[in-house]
Amino acid sequence: SVKKRSGKYVALSAGRVQTPTLLFINEREKKIEAFVPTPYWLLNIYFNKDGADVKATYQSKITDKKVASDIFAETDGKDGTVAKVAKRKKKVPTPIPFDLGLLQSEAWNNFKFLPKRTQEMAQNLYEAGYISYPRTSSQKLPKSLDLRKIVESLSRDPRYARNAKKVLETPLKPKEGKKDDPAHPAIYPTGVTVEKLNKDEERLYDLIVCRFLSVFMPDALVENVSVTIDIEGNPFLADGRTVLEPNWMSSYGKYSNNKDAPLPALKEGERVAIDKHEKLKKMTKPPARYNPASAVKEMENLGIGTKATRANIVDTLYKRDYIKGREIKITPLGRRLVETLEKYCRDIVSVELTNHFENEMDMILTSEKSMDVVLGEAKEQLRSIFTNFRKSEAKIGKELLSAIADSQNENLGSCPKCGGELRVVVSKATNKRFIGCSNYPKCKTSYPLPQKGSVSFSEKRCPDCDSPMLVNRRRTVCINMECASKKNVKEKKIQESS
């Protein structure tokens, strides 16, 4: 559409998974933009008991400024009394085995590995024989696996010996999730002796082994403690947690949020000397942006894409410059693309239609539907989609061409030399793109750009020279070739080589 309109080829794409994914990212962005923050107040007190510092917070958020001020005036400078100590024991369930989605999510939470990077490293570990096939949606470890042999092998590794030996004392019955995959079991370590791994692969392997061992262990037992401190009839709450029986946490606890955070011993009726009173004004926050891992998780929840393709789809959205940032923000180009297609060709962005055909393909796999029937239905749908698209092709091309022009004319901030606006410019003489100053020819400040593919820029400026920062495959680099940071890197490489 764009080529017919402009005569030039532009790297744009739409697809039955990538475009619905872009749609839900855009919907989240619209909710964030429409969100109107409202103020609320938090009241905190701080005290020390037996050498431990304790923070307690007024029992609820306060949305009325006068109410917050009145309570603060009543309590400020006054000590409190322990009005109530409530203790409750609770079991924390054993985690389930990793499927690919869970592995990607946990690798992001713990190491900030991008889903595609996690998938690539897991594939490397598989090809080296250290773990099972990673592209699985199963959360089950079938009896056909020689689990005892695997755990015995892990027990010979000093890092895992203690927990592996504990597991060998159990019936070796794993906690399992609901999801199954007829082709592959959940991800597990093979027990093969690990030789040389790079730092990130080592971290991912450790995550997989610790999770694997934990699924054979009993639920953990914790005690949650809530203490109410009364000051002039106003309740302040302090919460703590003590792990009584770590069980599975002894293996996987370092990768979970179930941390030990005990409170000092406090008795009802005990006087508490308050060291500090605090009143904080806060603003309600909009919905959180997706990150690469939560976007993959949402695709899974919506039933679009497959375990093997979801991470690559998100990566494609970055490459096309439809989204940017680790806290994913849709770009003007991405928004215009999805909203243009939504307006003229709704089926292309339909989550429901994509999910429908994902389910249809699963039914072929289980012999509930024949391939010919599903293909026939797909052809009819595609004919309808392309017929509607052709009717609006000129309008679609016009709107997308405008979006591309807008993205190329993005204001990249002020020129460090004259204060003018820095913009992406395409030379009429050479047809090459670069960054130039709006005050040209008076100011001839310019920076080179890659000539292939889309380019996107960070919202942050270079800390060394205040130039724009280019996001290159999500690695942020300064565009100023004379920047001191680049010279330092070059000098370091020369020193290392010599």
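Which residue forms a salt bridge with Lys-276? In this predicted model, the partner is Glu-278. The closest N and O atoms of the pair are 3.7 Å apart. That separation falls within the 4 Å limit, so the contact counts as a salt bridge. Lys-276 has a relative accessible area of 43%, so Lys-276 is partly exposed. Glu-278 sits at 15%, under the 20% limit, and therefore counts as buried.

Glu-33 belongs to helix H2, which spans residues 18-34. Arg-335 belongs to helix H12, residues 332-344. The bridge therefore ties together parts that are 302 residues apart in sequence. Glu-33 is partly exposed, with a relative accessibility of 49%.

Another bridge links Glu-270 to Lys-49, with the closest N and O atoms 2.9 Å apart. Lys-49 lies in strand S1, residues 39-49. Glu-270 is in the loop between helix H9 (249-252) and strand S6 (271-272). These parts are 221 residues apart in sequence, so this pair too is a tie between separate stretches of the chain. How accessible is Glu-270? Its relative accessibility is 22%, which makes Glu-270 partly exposed. Lys-49, at 17%, is buried. The salt bridge count for the model comes to 25.

Now turn to the backbone. Where does a cis peptide bond occur? It joins Tyr-440 and Pro-441, and omega is about 10°. Pro-441 is placed in the loop between strand S11 (433-437) and strand S12 (446-448).

Two loop residues have positive phi without being glycine. Asp-321 has a phi of about 65°. Asp-321 is found in the loop between helix H11 (310-319) and strand S8 (323-324). Ser-367 has a phi near 65°. Ser-367 lies in the loop between helix H13 (351-365) and helix H14 (371-391).

Are these two residues buried or exposed? Asp-321 has a relative accessibility of 9%, so Asp-321 counts as buried. Ser-367 reaches 65%, over the 50% limit, and therefore counts as exposed.

Note on methods
Residues are numbered from 1 along each chain as its sequence is written. This is a predicted model: local features need pLDDT of at least 70, side-chain atom pairs count only at pLDDT 80 or more; totals for chains, interfaces and linings use all residues. Side-chain values use heavy atoms; hydrogens and water are left out. A salt bridge is a side-chain nitrogen of Lys or Arg within 4 Å of a carboxyl oxygen of Asp or Glu. Helices (H or I, at least four residues) and strands (E, at least two) are DSSP runs, numbered from the N terminus. Buried means under 20% relative accessible area, exposed over 50%, partly exposed in between (1.4 Å probe, protein chains only).
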